[in-house]
Amino acid sequence: MVTLTPFLPLGGGAFLGWTIGANNASNVFGTAVGARIISFRNAALICAISVFLGAALQGTEGIKTLSGITEQNISTAVLVSIAAALTGTLMTYFGLPISTSQAVVGAIFGIGLATDNIQYNGLLKVVACWIGTPIGSMIIACVAYKLIAVFLIRIPISILTRDKFLWAGLLICGAYGSYALGANNVANCTGMFSGLIPGINDRLLATLGGISISIGVLTYSRRVIMNIGKGIMRLDAFTALVSVASVSLTTHAFAIIGAPVSTSQGIVGAILGIGLLRGARHHIHFNVLRDIVLGWVLTPAISLIFAAAGYAIFF
């Protein structure tokens with residue numbers, strides 16, 4: 001007889017995975033939806049399937065990194081997941097694409113401060129990747145913009161064929177980016193449980209996390225998708241393809257090295273790189289960008305406070 005008891009502590013991780021899907025996962029399709037290349041419904045479905053595959057097939061490396069920041073027991077792991085999920089849900093309500101990695105690490109850091117047990121080498125690796133994500137995505141976007149533009153200029157094709165190429169590229173890159181997102185961010189919702197639950201290994205943690213992220217994509221991601229797709233800067237099919245390709249490559253690169261990062265940061269960096277390259281600074285909605293950056297700053301702080309307060313109350 002199969003018992004559900006070992007899976008009960010993962011309820012907090014499932015809540016957090018849902019939050020990741022609602023807030024982060026569909027960022028790879030936000031530009032395509034904003035450019036009206038694909039409907040939200042179809043984008044969410046493709047994204048959810050690809051996220052699950054990425055998490056199940058390639059999500060264990062990030063779990064190893066995240067679980068090494070500080071020692072956890074099952075109770076503190078549940079507290080971390082709930083604190084991060086509450087932070088993500090709060091930001092999602094306001095339509096702000098946050099870094100769930102920041103929320104999780106902020107909560108882990110709060111527990112680490114409370115218990116005086118932090119592995120700073122792992123923490124510094126993750127923080128360095130936070131900084132590198134928007135910068136790397138911006139650089140890749142500038143290079144991709146030039147390369148794709150040269151291709152479209154030199155290849156004699158009709159406008160209709162050009163549009164079909166861009167649309168197909170957006171769908172392919174969106175699916176690839178969703179796969180990379182699942183491989184990278186599944187550690188955020190289940191990594192803290194690594195080695196804590198008998199009979200549940202990292203592969204199973206990645207698979208369960210992928211399911212919860214996919215559910216979040218399907219049920220509550222519309223508001224953040226539309227903020228990314230239209231809020232920062234209006235995109236056409238060409239610039240949407242460049243931005244999605246850039247964030248996909250950036251996220252997958254960090255997944256390979258086992259560093260959970262944010263697609264929100266990656267897509268914002270890519271859009272900014274395109275805007276600056278095109279001399280379209282006056283088309284960038286800096287008030288929206290300001291709110292997004294504010295969300296990035298507040299996220300780890302709020303999550304840290306939730307986790308530290310929870311530890312003080314319950315332990």
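Predicted model: local features only at pLDDT ≥ 70, side-chain atom pairs only at ≥ 80, totals over all residues.

Q: Which residues lie nearest the centre of the largest pocket?
A: They are L10, A14, L208, G209 and S212, out of 10 lining residues. The pocket has a volume of about 150 Å³.

Q: What makes up the lining of the largest pocket by class?
A: It has 5 nonpolar and 5 polar residues, and no charged ones. Gly counts as polar in this scheme.

Q: Why is the pair of Y311 and F315 called stacked?
A: Ring centres must lie within 6.5 Å to pair, and planes under 30 degrees apart count as stacked. The centres of Y311 and F315 are 4.8 Å apart and the planes are at 15°, so the pair is stacked. The structure holds 5 aromatic pairs.

Q: Which residues do ring pairs link into a cluster?
A: F15, W18 and Y220 are joined in this way.

Q: Why is S178 called buried?
A: The cut-off for buried is under 20% relative accessible area. S178 has 0%, so S178 is buried. The residue is found in helix α8, residues 159–190.

Q: What is S178 in contact with, leaving aside neighbours within four places in sequence?
A: S178 is in contact with V28, F29, C47, S50 and V51. Contact here means heavy atoms within 4.5 Å.

Q: What makes E61 and K64 a salt bridge?
A: The rule asks for a side-chain nitrogen of Lys or Arg within 4 Å of a carboxyl oxygen of Asp or Glu. For E61 and K64 the N to O distance is 3.5 Å, which meets the rule. By this rule the count comes to 3 salt bridges.

Q: Why are E61 and K64 said to be separated by about one helical turn?
A: They are 3 residues apart in helix α4 (residues 60–66), so the separation is about one turn. E61 is partly exposed at 36% relative accessibility, and K64 is partly exposed at 48%.

Q: How do you know that D163 and R162 meet in a salt bridge?
A: The N to O distance between their side chains is 3.7 Å, and the limit is 4 Å. R162 has a relative accessible area of 30% and is therefore partly exposed.

Q: What makes D236 and R278 a salt bridge?
A: Their closest N and O atoms are 3.9 Å apart, and the cut-off is within 4 Å.

Q: Where in the chain do D236 and R278 lie?
A: D236 is in the loop between α10 (222–231) and α11 (237–257), and R278 is in the loop between α12 (263–277) and α13 (286–314). The two are 42 residues apart, and the pair links distant parts of the chain.

Q: Why do D236 and R278 count as partly exposed?
A: D236 is at 35% relative accessibility, so D236 takes that label. R278, with a relative accessible area of 41%, is also partly exposed.

Notes:
Residues numbered from 1 in each chain as written. Heavy atoms only, no water. 1 Å grid on protein atoms, 1.4 Å probe; cavity = no way out; pocket = protein on both sides within 12 Å on 5 of 7 lines; lining within 4 Å. Points joined across faces, edges and corners; volume = space filled by probe spheres on them. Phe/Tyr/Trp six-rings, centres within 6.5 Å; stacked < 30°, edge-to-face > 60°. Helix = DSSP H or I, 4+ residues; strand = E, 2+ residues; numbered from the N terminus. Buried < 20%, exposed > 50% of the residue type's maximum accessible area, 1.4 Å probe, protein only.
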